[in-house]
Amino acid sequence: MAGFRAPPLVLAMVVVFSLSSPARSLRFDLESGHTRCVAEEIKMEAMAVGKYHVVNPSEGQPFPDSHKITVRVTSPYGNNIHFGDQVESGNFAFTSTEAGDYLACFWAGDHKPPLTIPVEFEWKTGVAAKDWTNVAKKGQIDVMELELRKLMDTVQSIHEEMFYLRGREEEMQDLNRATNSRMAWFTVLSFLICLSVAGLQLWHLKTFFERKKLL
């Protein structure tokens, strides 16, 4: 029996989606009196959405105030994007105006005895942040066309990411060249200072010996 061969389009979609992973979903334990931060590197003018909630320790019961947390999302330059004070859940959405590491920090108030608060957090950027359900409803498009649009957006996202990484690489190369140049000048300057100090020491010794009439 001949083996099954996937269509080229399907193979391309699998490869592209495997290369792009702009979504992060995690669950972590937050100790009372402590802060935990999650960083996400986002390029300029990229869409990002996030949502979080504290898992109720007693399902079906009112949510206890002791498990409410404070959440702050900041840009690479420290600008506030989202702030939630003493909340049990929340969400945020923004289009980045700065390239770099964005931080989502979770803080739980001090409590005696100490508490462990489980938090679920999901952060999506780029193509994954787009609401494809609404896109399909508004455009009245079928499943195949929707998948093709996802594929095109993913390819575009990867293309932009490659240019972004290339730009970062050029910045690092410029920094390395500048650092090497400064180190070279510093080495030359250090050598000249050493020669100057050695010359002053020889001059001082010669003067001392001449004064003592040893030369």
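How many helices and how many strands does the protein chain have? In this predicted model, where local features need pLDDT of at least 70, side-chain atom pairs count only at pLDDT 80 or more and totals for chains, interfaces and linings use all residues, the protein chain has three helices and eight strands, assigned as DSSP runs (H or I of at least four residues for helices, E of at least two for strands) and numbered from the N terminus. Residues are numbered from 1 along each chain as its sequence is written, and side-chain values use heavy atoms, with hydrogens and water left out. Along the sequence the elements follow the pattern α-β-β-β-β-β-β-β-β-α-α.

Of the 215 residues, 26% count as buried, where buried means under 20% relative accessible area, exposed over 50% and partly exposed in between (1.4 Å probe, protein chains only).

The whole structure holds one disulfide, a pair of cysteine sulfur atoms within 2.5 Å, which joins Cys-37 to Cys-105 with S to S 2.0 Å. Cys-37 lies in strand S2 and Cys-105 in strand S7, so the pair ties together parts that are 68 residues apart in sequence. The torsion about the S-S bond is about 110°, so this disulfide is right-handed.

| Cysteine | Relative accessibility | Class |
|---|---|---|
| Cys-37 | 39% | partly exposed |
| Cys-105 | 19% | buried |
| Cys-194 | 54% | exposed |
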